[in-house]
Amino acid sequence: MKMHALLAAAVALAIAHSPAALAAAPEPLPPAWVITGLSPQKFAAGIDQDLGVKGAKFLRNTAEDPKAWAALAQPISARNYVGQRIRFRAMVKTQDVSGWAGLWMRVDNRAGRSIAFYNSADKPIKGSTDWQERSVVLDVPPDGATIVFGVINNGKGQVWIDRLGFEQVGQDVPVDSLQPAQPLPTVPVL
């Protein structure tokens with residue numbers, strides 16, 4: 001009986017350390033990437049090694065909380081981009097996203113106040129989708145100190161990003177903005 005238990009343990013250990021099992025395990029994110037948002041503790045992130053998305057960064061709701069949201073983000077210095085129009089782009093794929101997912105970018109000043117922002121809420125990715133290219137374009141104001149960019153997952157499910165790009169673009173490329181639901185009045189309503 002002892003021999004059978006030892007053999008079963010050896011087989012289980014070999015399976016857990018097989019190339020197929022190791023290839024499917026996610027790798028940790030590079031140190032520059034962080035999880036932020038309303039409920040980062042309810043999400044997991046890493047670099048996926050599954051065949052269909054191998055090497056893609058992912059953000060997955062592990063709590064199955066439909067009201068939770070988090071963002072996978074990377075902050076960088078704005079020093080090289082001040083006064084420029086920049087585009088963050090990536091290929092995006094989703095699986096069972098119950099709310100919405102999308103790329104986002106923000107420019108903060110030295111005081112940490114947001115001075116430019118876009119989060120794709122007006123162009124949401126929902127449910128399960130195949131790879132699609134998405135982008136965010138913002139101007140970096142003269143007082144820009146930090147640029148933060150990444151992907152949001154709002155609700156259940158998982159989002160992947162891959163083939164990321166970050167580049168200066170011309171003034172002919174429109175800036176993304178979130179328009180108010182209703183136009184603001186032009187004069188006070190008293």
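Q: How many bridges join strand β5 (residues 85-109) to β8?

A: Strands here are DSSP runs of E, at least two residues, numbered from the N terminus, and two strands pair if DSSP finds at least two bridges between them. In this predicted model, 10 bridges join β5 to β8, and the two run antiparallel. Across that pairing, M105 stands opposite F149 in β8.

Q: Which residue is the bridge partner of I76 in β8?

A: That partner is I147. Strands β4 and β8 also run antiparallel, joined by 9 bridges.

Q: Why is strand β8 described as largely enclosed?

A: Buried means under 20% relative accessible area, exposed over 50%, and partly exposed in between (1.4 Å probe, protein chains only). Strand β8 (residues 144-154) has 9 of its 11 residues buried, so the rest of the structure largely encloses it.

Q: How many residues does the largest nonpolar core have?

A: A nonpolar core is a set of buried Ala, Val, Leu, Ile, Met, Phe, Trp, Tyr and Cys residues joined through side-chain atoms within 4.5 Å. The largest one here has 29 residues, and L72, M105 and I147 are among those with the most contacts inside it. Strand β5 gives the most to this core, with 9 residues.

Q: Is A63 buried, partly exposed or exposed, and where does it lie?

A: A63 counts as partly exposed because its relative accessibility is 41%. It lies in the loop between β3 (57-61) and β4 (69-77).

Q: What should I remember about the numbers?

A: Residues are numbered from 1 along each chain as its sequence is written. In this predicted model, local features need pLDDT of at least 70, side-chain atom pairs count only at pLDDT 80 or more, and totals for chains, interfaces and linings use all residues, while side-chain values use heavy atoms, leaving out hydrogens and water.

Note on methods
Helices (H or I, at least four residues) and strands (E, at least two) are DSSP runs, numbered from the N terminus.
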